[in-house]
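I opened this entry to keep track of what I looked up. The notes run in the order of looking.

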Amino acid sequence: MEVCELKRKRMIIAIDVEKCIGCGRCVNSCPTQALKLENGKAKLVDERLCDGFGSCIAVCPTNALYIEEREVEEFDWNILNKIDFEEFLNRLRRHYQPEEVVL
Ligand code: SF4
């Protein structure tokens, strides 16, 4: 992925690290793998991987995730071509009960 210096205001995930308990549910629920756990807290790996739709918000047990508007790099739409949706769905099945999955 190329490094892009252009930034503009758009909606993107934000993490309240005080509320995060490091359960990893958001990491497993993100189709673009924009989140990871670091030192027991959720962290946005790369602004360009977050589409700002917030599928991770639904699975967070502590309401540590929210969407905010801030100046960040553009979403990399090419990432959509790289998603293995079968693997993503299997990951959701492994980690969540059916009633917990909001697609
Ligand atoms: S789902 Fe919520 S509590 Fe769990 S790691 Fe992600 S942000 Fe933290």
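The entries below cover a hairpin, one lysine, the core and the ligand shell.

I am working from a predicted model, in which local features need pLDDT of at least 70, side-chain atom pairs count only at pLDDT 80 or more, and totals for chains, interfaces and linings use all residues. Residues are numbered from 1 along each chain as its sequence is written.

I took strands as DSSP runs of E with at least two residues, and helices as runs of H or I with at least four, numbered from the N terminus. Two strands pair if DSSP finds at least two bridges between them. Strands β2 (residues 35–38) and β3 (residues 41–44) are antiparallel, paired over four bridges. L35 faces L44 of β3. Two residues separate the strands of this hairpin, and N39 in the turn has a positive phi of about 50 degrees.

K36. K36 is partly exposed because 15 other C-beta atoms lie within 10 Å; buried means 20 or more, exposed 12 or fewer, and partly exposed in between, with C-beta atoms placed from the backbone. Contact means such C-beta atoms within 7 Å. Beyond neighbours within four places in sequence, K36 contacts V27, K43 and V45.

Core. I read a nonpolar core as buried Ala, Val, Leu, Ile, Met, Phe, Trp, Tyr and Cys residues joined through C-beta atoms within 7 Å. The largest has 15 residues, and C26 and L35 are among those touching the most other members.

Ligand. I counted 15 residues around the ligand, with C26 and A42 among the nearest; near means a C-beta atom, placed from the backbone, within 6 Å.

Methods. Two residues are in contact if their C-beta atoms, placed from the backbone, lie within 7 Å.
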